[in-house]
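These are my notebook entries on one protein chain. I record here what I looked up, entry by entry.

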Amino acid sequence: MNAQPTGAAEEARVLVVEDDRGIAESLVRGLRQAGYAVEGVRTGREALTAPSPDVVLLDLGLPDIDGVEVCRRLRARSDAAIIAVTARGEEADRVVALDEGADDYLVKPFGLAELLARIRAVLRRRRPADTEILLHGPLALDLRTRQVSVDGRTVALTPKEFGILECLAADPGRVVSRQQILERAWDSHWYGPTKVLDVHVAALRRKLGVPGLVETVYGHGFRLGALQESHESQESQEES
């Protein structure tokens, strides 16, 4: 997969608000390695006085001010994307944080790859890139215009189908769970049945017309398959 984004990671500033020193250092290190400009603070007061970043990773269990209150104050004065990062996993906690202005909610423990994907997603929503094209074999996704093509042939997708494909194309080969796809393509926090996904995946495969492109990993989810050459090239070789 090749991506050519305008507004690359190194241009985005991330504020990590986390009072656990070990977790904070791990997050800062991982984000810097991914190309982000990162500042870390340990209290709500520091978060509220820090220069406004592009993304805030906000722990809700801060020692001085409740994280939900920090979220509310940040949203009142800033358009930064806010991802609540916390051990609180109950639905009521998620609802409160989202109602107070959080853009997304990530429950500890979590992997760096998922965190980076969430950051990319909120950045796209907050400041769409002028140009961002994802390429994988014969497949091309233009994230700005939301257009898809296969071997240069435009493929008309529904918003849900595009959301599924975008989720998979962000990291080809990585298995994305059914729930993760639903949360990103349908709603930030989807609680309905996951079977609805199968209908849309079947339609997506039919429209793309590339066998093996969207793979099912039974018991886990879906991923983009490893394609070494374009579908068009394969057909040309078969004809010759």
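**Entry 1: the surroundings of L208.** I then looked up the core to which L208 belongs. This is the largest nonpolar core, with 27 residues, and L208 is among those with the most contacts inside it, together with L139, L141 and I164. Two or more residues each come from β8 (139–142), β9 (147–150), α6 (159–169), α7 (178–185), α8 (196–208) and β13 (221–224). The element that gives the most is α6, with six residues. I also noted a second, separate core of 21 residues, which includes V17, L48, V68 and L74. As a general point, nonpolar side chains in soluble globular proteins tend to be buried together.

**Entry 2: helix α6.** I asked how many of the residues in α6 are buried. The helix is mostly covered, with nine of its eleven residues buried. These are E161, F162, G163, I164, L165, E166, C167, L168 and A169. For the whole chain of 240 residues, I recorded that buried residues make up 44%.

**Entry 3: L106.** I located L106 in strand β6 (residues 104–107). Is L106 buried or exposed? Its relative accessibility is 2%, and because buried means under 20%, L106 counts as buried. Beyond four places in sequence, L106 touches I83, A84, V85, T86, E114, L115 and R118. One of these, T86, is 20 residues apart from L106 along the chain, yet their C-alpha atoms are separated by 6.6 Å.

**Entry 4: backbone geometry.** Most residues other than glycine have a negative phi, and most peptide bonds are trans. I therefore listed the exceptions that I had looked up.

- The peptide bond from K108 to P109 is cis, with omega near -5 degrees. P109 lies in the loop between β6 and α5 (112–126).
- R146 has a positive phi, near 60 degrees, and is a residue other than glycine. It sits in the loop between β8 and β9, and at a relative accessible area of 44% R146 is partly exposed.
- D151 is not a glycine either, but its phi is positive, at about 50 degrees. It is found in the loop between β9 and β10 (153–155), and D151 counts as partly exposed at 24% relative accessibility.

**Entry 5: the cavity.** Which residues line the cavity? The lining consists of A47, A50, P51, S52, P53, V56, L74, R77, S78 and A80. By class, seven of these are nonpolar, two polar and one charged. I noted that L74 of this lining is also listed in the second core.

**Entry 6: the chain and its confidence.** I recorded nine helices and 13 strands in the chain. Of the contacts with a separation of 6 or more, 56% are between residues 24 or more positions apart. The mean pLDDT is 81, and 83% of the residues reach 70 or more. Among the elements, strand β2 (residues 13–17) has the highest mean pLDDT (95) and strand β1 (residues 2–3) the lowest (40). Over residues 1–8 the pLDDT stays under 50, and it also stays under 50 over residues 229–240. Where pLDDT is low, the predicted coordinates should not be read in detail.

Note on methods:
Residues are numbered from 1 along each chain as its sequence is written. This is a predicted model: local features need pLDDT of at least 70, side-chain atom pairs count only at pLDDT 80 or more; totals for chains, interfaces and linings use all residues. Side-chain values use heavy atoms; hydrogens and water are left out. A nonpolar core is a set of buried Ala, Val, Leu, Ile, Met, Phe, Trp, Tyr and Cys residues joined through side-chain atoms within 4.5 Å. Buried means under 20% relative accessible area, exposed over 50%, partly exposed in between (1.4 Å probe, protein chains only). Helices (H or I, at least four residues) and strands (E, at least two) are DSSP runs, numbered from the N terminus. On a 1 Å grid over the protein atoms alone, a cavity is a set of points where a 1.4 Å probe fits but cannot get out, and a pocket is an open set with protein on both sides within 12 Å along at least five of seven lines; lining residues have an atom within 4 Å of a point. Ala, Val, Leu, Ile, Met, Phe, Trp, Tyr, Cys and Pro count as nonpolar, Asp, Glu, Lys and Arg as charged, and the others, Gly among them, as polar. pLDDT is the predictor's confidence in each residue, from 0 to 100. Contact means heavy atoms within 4.5 Å.
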